[in-house]
Amino acid sequence: MLGIEKRDLSLLVIVAILAFCAPFILNPFPTGSAMAQFNAGYPDLMQRFVIFGILAIGFNILFGLTGYLSFGHAAFLGLGSYSAVWMFKLLGYNVLPGIVLSVVVAGLFALLIGYISLRRSGIYFSILTLAFAQMTFAIAYSDLFGKMLGFSLTNGETGLQVYTSDPQYFHSDSAPNIPHLFGQEMQSTFTWDVAGWSFDFNFGYYMCALIMLVMFYLSIRIFRSPFGLMLMAIKTNQTRLNYTGLNSRPYTLAAFVISGMYAGLAGGLLASMDPLAGAERMQWTASGEVVLMTILGGAGTLIGPILGAGFIKYFENIFSKINEKVLHSWFDFLPESLEYGVVWVLEHFVGSGWHLTLGLLFMLIVIFLPGGLVEGGQKLAALFHRKKTEDTPADGAKTPAE
Amino acid sequence: MDAILLQILNGLDKGSAYALIALGLTLIFGTLGVVNFAHGALFMLGAFCAVSLQKLLQLSTVTLSETEKNFLGQPLEIKTPYVVNWFGEATGQAIIDWSVPLAIIIAIPIMIAIGFIMERGLIKHFYKRPHADQILVTFGLAIVIQELVKHYYGANPIPTPAPDAFKGSLDFGVMLGFDPNVIIYPYWRLVYFMFAAVIIAGVFAFLQFTTFGMVVRAGMTDRETVGLLGINIDKRFTIMFGIAAAVAGLAGVMYGPINSPNYHMGMDFLVLSFVVVVVGGMGSLPGAVLAGFMLGILESFASMNEIKSIFPGIDQIIIYLVAIIILLVRPRGLMGRKGVMED
């Protein structure tokens, strides 16, 4: 079905079920209970799960398949956001033109940046993309082109936003004054209260989830296509590929542009959920986060990037919420001196110390689990599997002895 | 003419910092073949050596004044730093005043030790892994170091003033026959430039004129053959890593008075230093130094008001722009050799 193999289809179905039941899955604890702080089913956070999922899926097409480590993907995310907000300013709050333009703009920039950066490989490529991303960041932050052209293109450090004085040529009075899709507001949320639980069904989230599923399907098709095989061949041994007389650059460029368009789409969606675009979205730490998501989940695997994006965004949310007080309430069963010791150690990692946890996680994953969560899962599965197979011959050996 | 001279001088101090960091990066890359994204963090740690020493020297005993009272009518608290108690008023205050240059003495062993621990504990295990893995693990390490410093020293820049003797500026123009107050240059920047020049010269002399340096250079060219000759090249490369860390740390120590150290200064310099290394040519030490000074001076020219009025914000992007152009025209960088990082 859908032109993909049964295994991939089941993967797609699992992701689809997870995405559509997310409001239930992410809210396992009743509101008002002590565990409610581990709930993650708010519309805002769920939207970020799927949007960063799209970003990571796109990054994986470049990094996972070709092995080219781009350190500048946040630039496309930011460019997507800026183009979407410009569409809101000029045309009105319907998100469709904004999303389409963000993909197109990111694609064009990816073509330009990729054409130059892909002349080199390895570390040179990483640094070139980093240089381009930092340049884009600096241009957006200081509004260089806007100042040269005499109007505000990116609105500098304040960030681009929609004002009432903006033209919005296609804005009709009946349409809502916030981002919407043909009248359906992104923010509109249906809350279902049932026996202490409360589940939020948000229109914006379901739109993003649907787009994410389409993008995931596309990435499966790319992975299984001859084009995807060619990209994997580039990762395995580019020199040998070149010796066979094949020019690999068009393939890597295509992968770069595709992944740039994914990032642009994610940026456009971010702006659609919250019509604001700031330069800090393009900073290189943001690029690093995308890399981490992909690595954490498992670069080169289909499901890995989505897992990684969800994992990071979930723990970012949870860890940032915990503070010293919460820690003390958790460990007050310990003797006092021990309690203070434990809290002193742990408070480095929570609250504003989340970045420290992120950095440590980054190192641990790269050192011990280069294949990410997917590899970890496979190893675990293999461990249990081996145990079973070891058990069987042991039983078999016993039987004849009797 | 005077404006040009002034911008060249202004570019020298930033260029010195770029050159020192890029030199360390190139040393590590040339010897161990590792791309060290944590090098900026080492620069930052050096600056925080100076901050720590300054804080340490200002530890004081508190005594209550018998005669003076504060505005609440209570006895005034007088803080006397321990060093003043120990060495007397004049010497003690002089030590506190000179805390930044003194930090060099403690920074060298600390940075070499950190370099050793980093290489033996972490980077050693990454020689055979792909470059992407090396980048990622050192990037993670950089985040960890940065966040720890942020946790203990706070997010705000901490001023580390230069000694009183170096406050004020040198009227450089008068020496060359220009009008007074046209070309003035702060003494500390001059000190920083000379300090950087001494360190760069020291590293080159060490590599050029000592047996140890000769072996290291031989190892950079052909590691395997040197190993086959019965020389423990790994040990020497580890020492070179320590030296590279110390160079970055010293660059950081002395940079404190120019820009107050904050926890993200390493990252700010790192990205530019990588660009410097690539422009200079990966693996080329003279290239790194040349490109460092060149880009520093270029950045200073771009921040001139005359140029900024035509291209506002050009000073932010000039380095990247030049790097992209140079890589397109000379893909190996200014002084890059064939065969380095070509795969």
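Analyst: Two residues are in contact if their C-beta atoms, placed from the backbone, lie within 7 Å. This is a predicted model, in which local features need pLDDT of at least 70 and side-chain atom pairs count only at pLDDT 80 or more, while totals for chains, interfaces and linings use all residues. Residues are numbered from 1 along each chain as its sequence is written, and chains are lettered from A and ligands numbered from 1 in the order in which they are written.

Helices (H or I, at least four residues) and strands (E, at least two) are DSSP runs, numbered from the N terminus. Leaving aside residues up to four places away in sequence, A:L45 touches A:A40, A:K313 and A:N317. A:L45 counts as partly exposed because 17 other C-beta atoms lie within 10 Å; a residue is buried with 20 or more such atoms, exposed with 12 or fewer, and partly exposed in between, the C-beta atoms being placed from the backbone. A:F203 is 158 residues from A:L45 along the chain, and their C-alpha atoms are separated by 13 Å.

The contact between the chains takes 38 residues from chain A and 33 residues from chain B. On the side of chain B that touches chain A, helix 6 (131-153), helix 12 (265-280) and helix 15 (314-329) of chain B each supply at least two residues. Helix 6 of chain B gives the most, with 14 residues. This side of chain B comprises 25 nonpolar, five polar and three charged residues. Here Ala, Val, Leu, Ile, Met, Phe, Trp, Tyr, Cys and Pro count as nonpolar, Asp, Glu, Lys and Arg as charged, and the others, Gly among them, as polar.

Chain B as a whole has 15 helices and four strands. Its radius of gyration is 22 Å, close to the 20 Å that the globule rule gives for 343 residues, so chain B is as compact as a globular protein of that length. The radius is taken over C-alpha atoms, and the rule is 2.2 Å times the number of residues to the power 0.38. Of the 343 residues of chain B, 46% count as buried.

Within chain B, strand 1 (residues 60-69) and strand 2 (residues 75-81) run antiparallel and are joined by six bridges; two strands pair if DSSP finds at least two bridges between them. B:L64 has B:E77 in strand 2 of chain B as its bridge partner. These two strands form a hairpin with five residues between them, and B:G73 in the turn has a positive phi of about 85 degrees.
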